[in-house]
Amino acid sequence: MPDGTTATTATNGGAAAPEFPSQARVVVIGGGIVGASVLFHLTERGWKDVVLLERKRLTSGTTWHAAGLVGQLRATYNMTVLASYAKDMFRELERRTGDSTGFLQHGSLLCAHTPGRWEEIRRNASMARLTNVDMEFIGPERLGEMWPLLNTEGIIGAAFIPGDGMANPTDTTMALAKAAKMAGAKVFEHTKVTRVLRRDGRVSGVETDRGTIDCEYVVNCTGMWARQLAGQDDVVVPLHAAEHFYLITEAIEALTPDLPVLRMPDEQAYVRNEAGKLMVGFFEPGAKPWATDGIPEEAEFLTLPEDWDHLEPYILKAANRIPVFGQVGIQLFFNGPESFTPDDRYILGEAPQLDGYFVAAGFNSVGFASGGGAGKAVADWVVDGHPPMDLWEVDIRRFMPFQRNRRYLYERTTETLGLLYEMHWPFFQTATARGVRRSPLHDRLAARGACFGEVYGWERANWFAPEGVAPRYEYSYGRQNWFPYSADEHRAVREGVALFDQTSFGKILVQGRDAARELNRVCTANVDVEPGRIVYTQWCDERGGVQADVTVTRLAEDRFLIVTTGTQTVRDMDWLRRSIDTDAHVTVTDATSGEAVISLMGPRSRAFLQTLTDADLSNAAFPFGTAREIDLGFGFARAARTTYVGELGWELYLPSEFATHAYDTIVGEGDAFGLRHAGYHALNSLRMEKAYRHWGHDMSDEDTLIEAGLAFTAAWDKPGGFIGREALLRQREQGAGKRLAVFVLDDPEPLLYHNEPIWRDGELVGWITSAMFGHTVGRSVGLGYVRRKDGPVTPDWVAAGRWELEIATERHGATASLRAPYDPSNSRIRA
């Protein structure tokens, strides 16, 4: 274990141990950095009746062997905000408790050995500007001056982040626990939680080996034990432990005490000064999952066997990069377990399976750096009943139930550990644990050249390779190999007709005599319409924040179908369940697997589909926003005239067993109309040109309906109103100082992805939330929120500005508008 991280037993401020309680408002389970942070921040919010239970001793899980790196920069704005909080927390803890956290702010160096990595760093530097994280670019010569022991050969450049540093994980955890106890919280070590108790679908207490504590909330902060504990209550916490390595050398006289932390992701290593010695840690590909069948019962301050053969290639790289590392003796070969999630993002929030059950776990070896901010966020979430910011990317509700499967987690974990230091390419696809969820059309699409991407288990056709081209990604920050093929698919939708497989849509069936009343209260739009009508609507919370973006089709007087994205199904089911009156006669069912969806989109879609059915598809007989059953081949489909691409078209919903017959019927007649297959990359470029929003990127509970530019969906005067109406009316009256705008770059060459800063007249006013190259407008198109300090964002204010988007630290001129750059009048979808 690193110097200064020996474990100690917590006391209660030097006083006698408190009496074991029979009740508490919140029970935090797990005494690592995250659990201690949650406890401390609950007391900061004024909740004193809170208890932390640790099965062994504080820090004895994985915190004790953390490397202690304190880095601010993360892949996204909100994650950077959470990570950046830690440095301020360290100082406050030291001031309040008088105890040291060991925080040393010597900065960090992030090195690039390839042009792709240099591009990634520069793009991240632009994003960092949004969060006030200082970064300075330096060349190899300056890098060698700052790190004299480094061989800089082959290094293109580096980013120096002066606000980064390192701290002592054990001392910090103890300081958090001490500060919490000073505020009235209680901490009990050697107390094992054997069961979380529940009553009427809600947490009611915890059962321990020292007695039962009644409580309102539980926060599972048990790290690599979290999946096992949560599984007792069918709460889905997909994480798996893996072996994680670092080496500590013998003392090196030439080491200076103020060396910045050195990160070399292209060589899978980080390096820091550990009390006059080098600590060299690794995030290597081909990781070793550990304890698939469960963590040993008595595990405490656990170390795993050395594995020199596994680590040898990465040790040799590090020795070449830092020659003294290869010359000095190794004092410690450390191998300790850390937990990793399927998407390398941690897990926060209230479980959809059990009210009052919160989780803060799965930190992918960044728990120490992120634990301060994550603990604060979860504490705020518990107290306020909603997250303090947009935390969808780490929300527990993003996971599907199958993702807690042990074999799935085992295989994915071999990849996810190394991905932390891999290139974070646009459109990157994981390689492991694939093929879990497949559309009935999967094999037919594969035969047509589909290149599949994976989204929470779904295999979806992202693009189609022409004959003679391998359906395989070649990654870069520029135009990737699929760019021209996706462009052809895009143009087919704009000019002719194309087929999409959209089976991965989430489909939620709402039934019962009270279904119309309850849905109308949840939805901003009026969904109490005639059967066969499709309504585009949002669900808002009491603050007016957008909780969901869906279509609602009324199938019958007492039956509705909600269609959402495949990634939001669990979340939307949870929101609906919590929003419906408990006494209402309503059932909510996930019907996703029951139906396949084939979409035919484009100006020739009517003429083509008309040849396949006896139904009248004319505009008069089948207007936009209509759903009805039509014959197709030897069966039937529910045809929904709606679109996410901005063209005339129909989504065809079929029972899954009829899907391949319907597909064969369609494709068999498609040549006469020039039918093309199209993938999700084309879908994205098409929707961007129409400024169609995507929940989770372009709107969230942090953005109101008005800010998202979707006030047109609101039925302000419908009987009974809707959730969030009053807050939105107030904002409508006052005007919104934040609005989602659409941007088109002036220059056709640069590519937008996300998180690019938005400048108006030289002032930073926002950032891009999603983007894609628009093949019809011939330039990159992005959506992003802009903020005005001195009044509401209006069309005139937008038109009067000089707009620039910052890409990899360079600004590019852009045109901004509150209207879509393509067919803003919607004439094409209603043709």
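In what order do the 6 strands of the open sheet stand? The close-ups below come from a predicted model.

**View 1. An open sheet of 6 strands with mixed pairing.** The order is β8-β2-β1-β12-β19-β18. From one strand to the next, the twist averages 15 degrees. Strands β8 (186-188) and β18 (347-350) stand at the edges. Each has a single partner strand, so one side of each lacks a neighbour in the sheet.

**View 2. Strand β2 beside β8.** Residues 50-53 make up β2. This strand runs parallel to β8, and 3 bridges join the two. Val 51 stands opposite Lys 186 in β8.

**View 3. Helix α1 packed on the sheet.** The helix spans residues 33-44. It touches β1 (26-29), β2, β8, β12 (217-220) and β19 (357-361). The direction of α1 makes about 170 degrees with that of β2.

**View 4. The aromatic pair of Phe 358 and Trp 381.** A search of the whole structure finds 35 aromatic pairs. A pair of aromatic rings is described by the distance of the centres and the angle of the planes. For Phe 358 and Trp 381 these are 6.3 Å centre to centre and 75 degrees between the planes. The pair counts as edge-to-face because its planes are over 60 degrees apart. Phe 358 lies in strand β19, and Trp 381 in helix α9 (residues 367-384). The two are 23 residues apart, so the pair links distant parts of the chain. Phe 358 has a relative accessible area of 2%, so this residue is buried. Trp 381, at 5%, is buried too.

**View 5. The aromatic pair of Phe 622 and Trp 650.** This pair is also edge-to-face. The centres are 5.8 Å apart, with 90 degrees between the planes. Phe 622 sits in the loop between α15 (605-610) and β30 (627-632). Trp 650 belongs to strand β32 (residues 649-655). The pair links distant parts of the chain, 28 residues apart. Phe 622 is buried, at 0% relative accessibility. Trp 650 is buried, also at 0%.

**View 6. One aromatic cluster.** Its members are Trp 425, Phe 427, Tyr 477, Trp 482 and Tyr 753.

**View 7. Charged ends over rings.** The charged end of Lys 738 sits over the ring of Tyr 785, at 4.9 Å from the ring centre. The charged end of Arg 811 sits over the ring of Trp 759, at 3.5 Å from the ring centre.

How values were computed: Residues numbered from 1 in each chain as written. Predicted model: local features only at pLDDT ≥ 70, side-chain atom pairs only at ≥ 80, totals over all residues. Heavy atoms only, no water. Pairing = 2+ DSSP bridges. Helix = DSSP H or I, 4+ residues; strand = E, 2+ residues; numbered from the N terminus. Axes fitted to C-alpha atoms, helices over the stretch in contact; angles between N-to-C directions. Contact = heavy atoms within 4.5 Å. Phe/Tyr/Trp six-rings, centres within 6.5 Å; stacked < 30°, edge-to-face > 60°. Buried < 20%, exposed > 50% of the residue type's maximum accessible area, 1.4 Å probe, protein only. Lys NZ or Arg CZ within 6 Å of the ring centre and 35° of its normal.
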